[in-house]
Structure formats: structure tokens, C-alpha cells
Amino acid sequence: MPIAPPQSSSRSHNYAIVTAIMAIPFGPSNISVYGGRSNYSDAGLAMNLPQTGGCQCGKIRYEIAEAPQLVYTCHCKDCQRLTSSAFSLRIVVVESAVRLSGIEPRALQRMADSGRTNTRWVCPECGSWVCSPPRDGMMRVRAGTLDDTSWLRPTRHIWTRSKQPWVMFFEGEEIFEAQPPA
Ligand SMILES: [Zn+2]
Ligand SMILES: [Zn+2]
């Protein structure tokens with residue numbers, strides 16, 4: 001019986017590329033530019049308003065008229081599973097500055113590690129998690145759904161006790177092992 005040929009290497013090759021891309025924002029080459037900065041405008045990252053974005057299929061779109069108050073990452077196990085990645089990246093924007101358009105998002109709920117019930121709005125067509133319903137006058141938008149992600153620079157990291165070991169932070173950034181105090 002002939003020995004089966006080795007499986008195509010394309011799959012493992014793709015994994016290597018994804019890993020490399022994800023590692024870039026935390027790589028040592030960025031330290032000289034962004035190290036210790038807590039504000040993305042200080043870091044010289046250009047951001048234009050309004051910001052636009054949407055789900056993967058484009059049936060949900062949004063426009064954001066104001067700069068976000070916060071850009072942060074969440075390393076909780078649920079975010080890792082829901083994003084099928086190492087962490088989620090979010091921006092926090094004043095509710096009145098966000099305008100959603102297109103089809104109506106589907107609301108999905110989960111019990112968060114913090115004990116709170118979290119609702120996420122996903123596109124019913126393509127399944128992209130776009131944002132969460134407004135809470136305390138603020139909208140939390142999934143940063144990866146922005147059309148322009150070049151200016152994103154997280155300054156806060158939460159639930160770091162379950163972060164991947166290769167994720168590193170810069171001096172001056174806010175780090176919380178679990179949910180930050182309200
Ligand atoms: Zn969609
Ligand atoms: Zn999370």
C-alpha cells in the first residue's frame with residue numbers, strides 16, 4: 001500500500017502569516033514611535049472624521065462623527081472565542097456621534113466574566129459583530145469593523161490575566177487583570 005503524500009503545506013503557511021500580522025502592533029519596532037504614549041494624537045497617528053465602517057458583507061454600515069474617548073483591548077476568554085483571535089479591539093464613542101444604517105442588527109446575549117449580561121449586535125447576514133447597544137450614553141464599536149484602522153492605538157487592556165503570553169504592553173498603558181472598576 002502506497003504511503004499517502006504529505007498534506008499540502010498551504011494551511012500551515014497561512015497560519016504563519018496571520019500570526020505575523022497580529023504580532024506587528026506589539027513588536028519591538030513600534031516601541032520607539034509609540035512607547036509610553038497614552039494618546040494616539042500624541043503619537044502622530046492621523047485620524048479623519050467622520051469615521052466609517054460596517055460589517056463584512058456591507059449590509060450594516062455606520063458613521064462616527066467624533067473621536068473616540070478610548071481604544072482598548074479585551075483579553076477575556078469570551079472575546080478570544082468570539083473573535084477566534086487573541087483579543088478584541090474596541091473603541092468607545094459618545095452615543096450621539098454614532099449613526100447606524102442598513103439592515104437591522106441581530107441582538108445576541110452572553111453572560112460576561114464580570115457577571116453582567118452583555119448584548120452584541122451582529123449582522124444577521126454575515127455574522128460580523130459590529131457593536132454593542134448604547135450603555136451609559138456610550139457606544140462600544142468593534143474597532144476591526146472600521147474602514148480605516150490605521151490610526152488605532154489601544155491605551156487600555158483589560159482581562160489581561162487570560163492574555164496570550166506573547167502579547168506585550170507599553171509603558172504608560174492602563175492594564176487591568178480583570179474588569180476595570182466602573
Ligand atoms: Zn453583514
Ligand atoms: Zn472580552
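This is a predicted model: local features need pLDDT of at least 70, side-chain atom pairs count only at pLDDT 80 or more; totals for chains, interfaces and linings use all residues.
Let us begin with two strands, β1, residues 51-54, and β2, residues 60-64, which pair in the antiparallel sense over four bridges. Across the pairing, Gly53 stands opposite Tyr62 in β2. The two strands, β1 and β2, form a hairpin, and five residues lie between them. Within that turn, Gly58 has a positive phi of about 90°.

For those new to the subject, the strands of a sheet pair through backbone hydrogen bonds, either parallel or antiparallel.

Which residues of the largest nonpolar core touch the most other members? The core has 13 residues, and the answer is Val93, Val98, Val130, Cys131, Met139 and Val141. At least two residues of this core come from each of β2, β4 (88-94), β8 (129-131) and β9 (138-142). Strand β2 gives the largest share, three residues. Apart from this core lies another, of eight residues, including Tyr72, Cys76, Phe87 and Trp159.

Let us look at Val130 in particular. Once its neighbours within four places in sequence are set aside, Val130 is in contact with Cys55, Ile60, Pro105, Trp121, Val122, Cys123, Arg142 and Thr145.

Our next residue is Ile158, in strand β10, which spans residues 156-158. Is Ile158 buried or exposed? A residue counts as buried if 20 or more other C-beta atoms lie within 10 Å of its own. Ile158 has 24 other C-beta atoms within 10 Å, and therefore it is buried. Not counting residues up to four places away in sequence, Ile158 touches Tyr72, Cys74, Phe176, Gln179 and Pro180. Consider Phe176 from that list: Ile158 and Phe176 are 18 residues apart in sequence, with 4.7 Å between their C-alpha atoms in space.

Finally, a word on confidence. The protein chain has a mean pLDDT of 81, and 75% of its residues reach 70 or more. Over residues 5-40, however, the pLDDT is below 50. Beyond near neighbours in sequence, this stretch has 25 contacts in the model.

Key. Residues are numbered from 1 along each chain as its sequence is written. Chains are lettered from A and ligands numbered from 1 in the order in which they are written. pLDDT is the predictor's confidence in each residue, from 0 to 100. Two residues are in contact if their C-beta atoms, placed from the backbone, lie within 7 Å. Two strands pair if DSSP finds at least two bridges between them. A residue is buried if 20 or more other C-beta atoms lie within 10 Å of its own, exposed if 12 or fewer, and partly exposed in between; C-beta atoms are placed from the backbone. A nonpolar core is a set of buried Ala, Val, Leu, Ile, Met, Phe, Trp, Tyr and Cys residues joined through C-beta atoms within 7 Å.
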